[in-house]
Amino acid sequence: MVRQLGFEARHRTRLDGVPPRHFADLDAAGRESAVAELGLPAFRAKQLAYQYYGRLIADPRLMTDLPAGVRDRLAAALFPNLLTAVREVACDSGQTRKTLWRAVDGTMVESVLMRYPQRATVCVSSQAGCGMACPFCATGQAGLSRNLSAAEILEQVRAAAATLRDDFGDRLSNVVFMGMGEPLANYARVVAAVRRITEPAGFGVSARAVTVSTVGLAPAIRKLADERLALTLALSLHAPDDELRDTLVPANTRWNISDVLDAARHYADTTGRRVSVEYALIRDVNDQPWRAELLAKRLRRVLGPLAHVNVIPLNPTPGSNWKASPKAVRREFVRRVRAHGVPCTVRDTRGREISAACGQLAADTASRRQRTRLVPMVSL
Ligand code: SAH
């Protein structure tokens, strides 16, 4: 317990009043008291929620069903402009778009919108930077700046939903927490955001279409299971043996593979959902046939039919010698995992050509002020 508190304390960041409070930080009760504080009747809270979550409008001055006299007051009190798009890049004939956002304190975060024939997914950031220090991930190299607020997360979702509606006449179907940051290290705000994303009176995205990806903070995985949200859990395993995983995912030195798989099993049992095990294949590092065998055996033993392996071709980060595994090695890895009865797919990697550009988006901007590299995000 003491050690656990130590870990959490080291990875905790305070928001220090940044960013300011926003309507999207509030649940239904909070929205009612916020409008009451402004001397407005309770029904305005529902009206605002409909405008924000239903019509995707974040500026009260555009909410024409509000009396003109209160719009400015609401804008100042509850709808500060939290994120400003500073750059956008598109690829895959416009089907993939990455946005670099600047928060009120100058913090930069990225989100990615991906359209597919049957679905549209936004990949959001939960923290600015990341404290988990995974060496193959450039966000991990830059360290953690701060947690994002629930509203900063939700603004990324709202922007994606508005783009889909306005530019494509389409709806947002999936949200994945696979951008910058470790979502479970910003637990309360991420869970608050997830509730707003999935509530019918929120963005109304199906819970199973929301994926939270984690390095494996075991107690937080158990807590998430007990929220009964039925989200999809993605576990960034990347190695089936502690010796290697200690180096690839340093959080493993705190919660090792069996701790993490036990927590994942609890998640699967409680929610009935299959856990998605993420495995970034790195040439000559974690792609050996024996590791495929060990991976499959351990998953089979602990998770039974409730595991699914997602192989991600490594997206090499600037300045690193690590490369993606050759196709033949990848095929053999997948074949061996499947041979043990564990479903295994290779992730469709969208936006590779702008992934670098995307990392550069943040890095370009960052390097003018500080010499850090931000990560090209993984495409989903
Ligand atoms: N912190 C969370 C979510 C963010 S990253 C987590 O670690 O799960 C989302 C996924 O992308 C994780 O599985 C992460 O390990 C993986 N990833 C990070 N950098 C990568 C890279 N350069 N190439 C391939 N996958 C990467």
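**What surrounds the ligand**

The shell around the ligand is made up of 10 nonpolar residues, eight polar ones and two charged ones. Keep in mind that this is a predicted model. In total, 20 residues surround the ligand, and the closest are Gly-181, Ser-213, Ser-236, His-238 and Asn-315.

- His-238 puts a polar side-chain atom 2.6 Å from an oxygen atom of the ligand.
- Gly-181 uses its backbone: an N or O atom there sits 3.0 Å from a nitrogen atom of the ligand.
- On its own the ligand has 530 Å² of accessible area, and the protein covers 96% of that.
- Two elements give two or more residues to the shell: β8 (210-214) and β10 (275-281).

**Two serines to look at**

- Ser-213 is found in strand β8, and with a relative accessible area of 10% it counts as buried.
- Further along the sequence, Ser-213 touches residues including Phe-177, Met-178, Glu-182 and Ser-236.
- Ser-236 has its place in strand β9 (residues 232-236), and it is buried too, because its relative accessible area is 12% and buried means under 20%.
- Among the residues that Ser-236 touches are Ser-213, Thr-214, Arg-245 and Glu-278.

**What the record says**

- An unreviewed UniProt entry carries the annotation "binding site" for Gly-181, Glu-182, Ser-213, Ser-236, Leu-237, His-238 and Asn-315.

Methods
Residues are numbered from 1 along each chain as its sequence is written. This is a predicted model: local features need pLDDT of at least 70, side-chain atom pairs count only at pLDDT 80 or more; totals for chains, interfaces and linings use all residues. Side-chain values use heavy atoms; hydrogens and water are left out. A residue is near a molecule or strand if one of its heavy atoms lies within 4 Å of it. A polar contact is a pair of N or O atoms within 3.5 Å; within protein, one must be able to donate a hydrogen and the other to accept it, and residues adjacent in sequence count only if both atoms are side-chain atoms. Accessible areas come from the Shrake-Rupley method with a 1.4 Å probe; for residues, only the protein chains shown count as cover. Helices (H or I, at least four residues) and strands (E, at least two) are DSSP runs, numbered from the N terminus. Ala, Val, Leu, Ile, Met, Phe, Trp, Tyr, Cys and Pro count as nonpolar, Asp, Glu, Lys and Arg as charged, and the others, Gly among them, as polar. UniProt positions are given in the numbering used here, feature names are shortened, and annotations may be inferred rather than shown by experiment. Buried means under 20% relative accessible area, exposed over 50%, partly exposed in between (1.4 Å probe, protein chains only). Contact means heavy atoms within 4.5 Å. Lists of a residue's contacts leave out its neighbours within four places in sequence.
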